[in-house]
Amino acid sequence: METLVVEHPLVAHKLTALRDARTDSPTFRRLADELVTLLAYEATRHVRVTGVTVETPVAKAKGVRLAQPYPLVVPILRAGLGMLDGMTRLLPTAEVGFLGMIRNEETLKAETYATRLPDDLSGRQVYVVDPMLATGGTLAAAIRFLFDRGADDVTALCLLAAPEGIAHMDEAFAGSDRPIRLVTAALDERLNEHGYIVPGLGDAGDRLYGVV
Ligand SMILES: O=P(O)(O)OC[C@H]1O[C@H](OP(=O)(O)OP(=O)(O)O)[C@H](O)[C@@H]1O
Ligand SMILES: O=c1cc[nH]c(=O)[nH]1
Ligand SMILES: [Mg+2]
């Protein structure tokens, strides 16, 4: 997996405020949204475009527009929903599919409880959004699901990643001929004994939407 840690003072500033345990849910949601916009700029560097010519008021100009089929954005519920609006603001013509997944907090295995995606993703470029890459079990299962439906190019955007999760992804997709990219605002130190990212930001879903 090709990993990009976005190093930018505004990203670092917003991420620091996001990590702060005193940050309330409304502020957390706003910061997550703003961070996605900054990450999406880097994450869409490989978005497929096609050449076009337009007429300016002065002359013809060569340019590009997004190629069809348009990209698919897939938030992993629940926490990934906090990154959806920021992504579609930058890619307004993208379609949106949904994957509901929850990590069993005892086994740390990901369980899928909802899927709402096109059956055929052949030739589709997909952007998966989920704030946390911890053990990597959730993201690996999500990408397997997308590959099974034919997706041929996947970029994951997350706010925080753990080295263990990246290693898991590299192992799970070793030898895959389909590109997988990860764009993250930070690579943290490690996981703790409960599978939480350290220093992390706690449970992203709970901080966005409240404890369930
Ligand atoms: O890399 P992993 O070890 O699989 O963990 C990461 C997953 O955990 C969190 O979701 P969670 O299961 O808490 O669900 P939620 O979004 O409903 O809170 C997070 O949003 C990821 O989906
Ligand atoms: O640190 C973590 C790990 C998994 N899921 C979260 O929300 N936070
Ligand atoms: Mg959670």
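The shell around ligand 2 in this predicted model consists of Ala-79, Met-132, Ala-134, Gly-195, Tyr-196, Ile-197, Gly-200, Asp-203, Ala-204 and Gly-205, a residue being near a molecule if its C-beta atom, placed from the backbone, lies within 6 Å of it. By class, six of these residues are nonpolar, three polar and one charged; Ala, Val, Leu, Ile, Met, Phe, Trp, Tyr, Cys and Pro count as nonpolar, Asp, Glu, Lys and Arg as charged, and the others, Gly among them, as polar. Residues are numbered from 1 along each chain as its sequence is written, while chains are lettered from A and ligands numbered from 1 in the order in which they are written. Because the model is predicted, local features need pLDDT of at least 70 and side-chain atom pairs count only at pLDDT 80 or more, whereas totals for chains, interfaces and linings use all residues.

Around ligand 1 there are 22 residues, of which Arg-78, Ala-134, Thr-135, Thr-138 and Gly-205 come nearest. This shell comprises eleven nonpolar, seven polar and four charged residues. At least two residues each are supplied by E6, strand E9 (132-133), H4 and helix H6 (204-209), and E6 gives the most, with three residues. Helices (H or I, at least four residues) and strands (E, at least two) are DSSP runs, numbered from the N terminus.

The UniProt record, in an unreviewed entry, lists as "binding site" Arg-78, Arg-103, Asp-130, Pro-131, Met-132, Leu-133, Ala-134, Thr-135, Gly-136, Gly-137, Thr-138 and Asp-203; such annotations may be inferred rather than shown by experiment. One of these residues, Arg-103, lies in strand E6 (residues 98-103) and is partly exposed, with 18 other C-beta atoms within 10 Å. A residue is buried if 20 or more other C-beta atoms lie within 10 Å of its own, exposed if 12 or fewer, and partly exposed in between, with C-beta atoms placed from the backbone. Thr-138, in helix H4 (residues 137-148), is buried, with 26 such atoms within 10 Å. Neighbours within four places in sequence aside, Arg-103 is in contact with Leu-108, Ala-110, Gly-137 and Thr-138, contact requiring C-beta atoms, placed from the backbone, within 7 Å.

In helix H1 (residues 9-19), the buried residues are Val-11, Lys-14, Leu-15 and Leu-18. Seen down the helix axis, these residues fall within an arc of 100° and so line one face of H1, the arc being that of the directions from the axis to the C-beta atoms. They pack against helix H2 (25-43), strand E10 (153-161) and strand E11 (180-187). The face turned away from the buried side carries the exposed residues Pro-9, Ala-12, His-13 and Thr-16.

Technical notes
Contact = placed C-beta atoms within 7 Å.
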